[in-house]
Amino acid sequence: MQHSGRNYHLSKDTPEGDLIAACIKKDAAAQRVVYERLYSKMLAVCQRYTGNRETARDIVQDGFVVLFEKIGTYAGTGSFEGWARKIFVNISLSHLRKNDALRYSEQIETTAGSSVTTGHILENISAGDIYRCIEQMPTGFRTIFNMYAIEGYTHNEIAEILKISESTSRSQYSRARNWLQNKLSDLK
């Protein structure tokens with residue numbers, strides 16, 4: 001990015017490093033480009049956690065405020081999108097905690113007792129169907145399922161972040177998988 005006193009053009013093709021440097025300097029045009037690049041992906045992340053598109057939109061806005069406040073802490077190691085995703089996951093988890101949605105009292109006994117074999121369940125089911133099913137999961141199941149299966153956190157990390165035991169994380173994940181398998185088998 002050449003910036004010798006004259007205006008420079010930022011676009012969707014501007015290299016990520018140049019955008020980050022401009023965002024650190026609070027450049028509104030660069031912030032707009034980063035927002036446009038990441039919005040739909042981060043909305044999907046937040047919606048997976050909240051299960052509600054309108055709530056996810058609010059969380060995304062909060063997430064971008066935090067992202068632009070903290071962008072100077074991005075060390076350049078790992079992908080910028082991955083770094084940003086952690087911010088949006090944390091904001092989503094904070095929202096769930098604040099609304100007391102992470103109570104793990106959602107012990108849905110029917111899911112614990114009936115296990116479905118995954119065999120051919122996924123053959124005729126779209127990714128959209130899977131995401132819609134994930135959105136319908138009880139909040140505790142959905143949160144741990146997202147963190148473990150999609151975001152790649154370990155059960156130990158989940159336990160630390162959510163202040164639960166590792167065994168609770170494992171059992172909630174197992175129940176979430178069974179719940180999802182049952183829902184997906186209903187779609188066949």
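Guide: Here it is, and please keep in mind that this is a predicted model. We can begin with helix 1, residues 16–24, whose buried residues are Leu19, Ile20, Ala22 and Cys23.

Visitor: How do those buried residues of helix 1 sit when you look down the axis?

Guide: Viewed along the axis of helix 1, the buried residues fall within an arc of 165°, so they line one face of the helix. In general, an α-helix has 3.6 residues a turn, so residues three or four places apart point the same way.

Visitor: And what do the buried residues of helix 1 pack against?

Guide: They pack against helix 2 (28–50), helix 3 (53–70) and helix 4 (80–98).

Visitor: What comes after helix 1?

Guide: Helix 1 is followed by lysine 26, which belongs to the loop between helix 1 and helix 2. The phi of lysine 26 is near 65°, a positive value in a residue other than glycine, and with a relative accessible area of 56% this lysine is exposed.

Visitor: Stepping back, how many helices and strands does the chain have?

Guide: The chain has 9 helices and 0 strands. Of its 188 residues, 42% count as buried, and among contacts between residues at least 6 apart in sequence, 65% join residues at least 24 apart.

Visitor: How many residues are in the largest nonpolar core, and which have the most contacts inside it?

Guide: The largest nonpolar core has 49 residues, and those with the most contacts inside it are Val34, Leu38, Leu67, Phe80, Phe88 and Leu180. The elements that give two or more residues to this core are helix 1, helix 2, helix 3, helix 4, helix 6 (127–136), helix 7, helix 8 (155–162) and helix 9. Helix 2 supplies the largest share, 10 residues.

Visitor: Take phenylalanine 80 from that list; what is it in contact with?

Guide: Leaving aside its neighbours within four places in sequence, phenylalanine 80 is in contact with Glu16, Ile20, Val34, Leu38, Leu67, Ile71 and Tyr74.

Visitor: Where does isoleucine 71 lie?

Guide: Isoleucine 71 lies in the loop between helix 3 and helix 4, and it is buried, with a relative accessible area of 1%. Apart from neighbours within four places in sequence, isoleucine 71 is in contact with Ile20, Cys23, Ile24, Phe80 and Trp83. The C-alpha atoms of isoleucine 71 and alanine 21 are separated by 8.9 Å, and these two residues are 50 residues apart along the chain.

Visitor: Switching to aromatics, how many pairs are found in the whole structure?

Guide: A search of the whole structure finds 9 aromatic pairs. One of them joins tyrosine 35 and phenylalanine 64, a tilted pair at 4.6 Å centre to centre with 50° between the planes. This pair links distant parts of the chain, since tyrosine 35 is in helix 2 and phenylalanine 64 in helix 3, 29 residues apart.

Visitor: Is that pair buried or exposed?

Guide: Both tyrosine 35 and phenylalanine 64 are buried. Another tilted pair is formed by tyrosine 148 and tyrosine 173, at 4.5 Å centre to centre and 55° between the planes. Tyrosine 148 lies in helix 7 (residues 139–150) and tyrosine 173 in helix 9 (residues 166–187), so the pair ties together parts that are 25 residues apart in sequence.

Visitor: Are those two tyrosines buried, exposed or partly exposed?

Guide: Tyrosine 148 is partly exposed, with a relative accessible area of 32%, whereas tyrosine 173 is buried, at 14%.

Visitor: Which residues form the aromatic cluster?

Guide: Tyr35, Tyr39, Phe64, Phe68 and Phe88 form one aromatic cluster.

Visitor: Last topic, the cysteines: how many disulfides does the structure hold?

Guide: The structure holds 0 disulfides. Among the cysteines, cysteine 46 is buried, with a relative accessible area of 0%, and cysteine 133 also counts as buried, at 5% relative accessibility.

Technical notes
Residues are numbered from 1 along each chain as its sequence is written. This is a predicted model: local features need pLDDT of at least 70, side-chain atom pairs count only at pLDDT 80 or more; totals for chains, interfaces and linings use all residues. Side-chain values use heavy atoms; hydrogens and water are left out. Buried means under 20% relative accessible area, exposed over 50%, partly exposed in between (1.4 Å probe, protein chains only). Helices (H or I, at least four residues) and strands (E, at least two) are DSSP runs, numbered from the N terminus. The arc is that of the directions from the helix axis to the C-beta atoms. Contact means heavy atoms within 4.5 Å. A disulfide is a pair of cysteine sulfur atoms within 2.5 Å. Rings of Phe, Tyr and Trp (its six-membered ring) pair if their centres lie within 6.5 Å; planes under 30 degrees apart count as stacked, over 60 as edge-to-face and the rest as tilted. A nonpolar core is a set of buried Ala, Val, Leu, Ile, Met, Phe, Trp, Tyr and Cys residues joined through side-chain atoms within 4.5 Å.
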